[in-house]
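Okay, thanks for coming, everyone. Let me put the model up, and then I'll walk you through a few spots in it.

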Amino acid sequence: MKHLYTILLLILINSFVFSQKYQANWESIDSRPIPEWFTDAKFGIFIHWGLYAVPAWGPTDANVYDKYAEWYWNKLTNVDSKVHQNFMEFHNKTYGEEFKYQDFVKGFTCEMFKPEDWAKIFKDAGAKYVVLTSKHHEGFTLWPSKESWNWNAVDVGPHRDLAGDLINAVRNEGLRMGYYYSLYEWYSPLYKADVNKYVDEHMIPQMKDLVTSYKPDILWTDGEWDHPHDIWKSTEFLAWLYNESPVKNEVVVNDRWGKDTRGKHGGIYTTEYDLVHTGVMTETLAHPWEECRGIGGSFGYNRNENLESYSTSEEVVHILIDKVARGGNLLLNVGPTADGRIPVIQQQRLKDMGDWLKVNGEAIYGTKSWAGADASKQNNVFYTQKGNDLYVICTKFPERAIAVSGVKSAKVSMLGFDGKVSTKGGSKGLSINPPAITPANNPCDYAWVFKLEGAI
Ligand code: FHN
């Protein structure tokens, strides 16, 4: 009898395991296609917001990672960091040696936070999705997480569910939204004492709470580098996410699931300030990928940055074009202030992106990179394709004809421009003569797009 029960139990467990579409291993997890809404979206807004927005300070003349203002707490205490001294000097002279990082919570007031206004800014920028830091490495959560008792935005600071309020407003504007979540925490006593217990009792419950409470479209993990994926129980969590969670069909995740997974496993591959670990990313990848970066040199708001630290509108538009032409998405970051504003200079860059995308969005959204691009390689010329149409994107207004090799004929127009565009077929492919553009009929700034209908 006892044996019969054991056999029945085994059959039950087996049938449960095999009724699950995805198993807790990379082969199975990686076989899930990336939801198309994401690869079509191309442009998203990243938001780094936490207690680091209170000091909002970082050095501006350092290596990429050392400029990050959201690392304030870590750099202040980490004597091995190259920029420790800079942070310490600033901190001691501004707040005094006795002032602890935790005391910044009083300054995280967010009284100017109007989620509807933020959502409108993102929509007008032409972004299709938003990713907010629900918890950065400091461990402070922007939603009322019971695992983060007294270290979350509802218990202390603004006393407001910032993550919940924003997702509602963003969705009301018709955009997708998800959350960034840091696996590790710098100073969590539980994490330091017992990582396994931290994963079981803190991290996994927090991620499941986020997913079930807010049903995010994206779960963007980070802070994975301390441990391999099995310590973080990443494949187990992802199997739950893909099989059982309320977002199992549409959710998008990235590749930051353990020190052994970036660029190899999970969902989309991610680059940061063009860096893939130590190299610079200049390739076209077949696997869906996304570049994230700030408009300046930091993700968290850095008051120490001046105009010269910021990319110009022309530069951010060109960054988007470069990533999309190479098959990627751009996740451009804003760093709000501690009182809840998006700095006006950042708004201005987003507005210019939006104005450019209003005219030229069809050459970006829903496109793919063009395999013929290599043959046509010319400076300041990028290509995207959609169906049979090819888009030739010029990041400098062409002074002479552009040759598009491999294309024999097409109906050619310039996006946003009513006049005719003349072309000539030849041995080098189709040659496009740029029309005479004046300030009176110029459709946009920063980059001009020729649409070649039926070119492919
Ligand atoms: O350490 C973080 C950093 O602060 C920021 O959040 C970026 C965003 O991709 N990720 C980490 C470094 O890779």
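This is a predicted model: local features need pLDDT of at least 70, side-chain atom pairs count only at pLDDT 80 or more; totals for chains, interfaces and linings use all residues.

First, a term: when I say two residues are in contact, I mean heavy atoms within 4.5 Å. Numbering starts from 1 along each chain as its sequence is written, and side-chain values use heavy atoms, with hydrogens and water left out.

Let's start with K135. You'll find K135 in strand β2, residues 129-135; strands are DSSP runs of E, at least two residues, helices are runs of H or I, at least four, and both are numbered from the N terminus. So is this lysine buried or exposed? It counts as buried, because its relative accessibility is 0%. The scale here is buried under 20% relative accessible area, exposed over 50%, and partly exposed in between, with a 1.4 Å probe and protein chains only.

And who is around K135? Leaving aside neighbours within four places in sequence, its contacts include F140, W143, Y180, Y198 and H202. Its side chain also makes a polar contact of 2.7 Å with the side chain of E185, and one of 3.5 Å with that of Q206. By polar contact I mean a pair of N or O atoms within 3.5 Å; within protein, one must be able to donate a hydrogen and the other to accept it, and residues adjacent in sequence count only if both atoms are side-chain atoms. K135 and Q206 sit 71 residues apart in sequence, yet 9.8 Å apart C-alpha to C-alpha.

Next, helix α5, residues 84-94. Here H84, F87, F90 and H91 are buried. They lie on the same side of α5 because they cover an arc of only 140° around the axis, taking directions from the helix axis to the C-beta atoms. E89 and K93, on the other side of α5, are exposed. Part of the cover over the buried residues comes from α4, 72-77. After α5 comes G96, with a positive phi near 95°.
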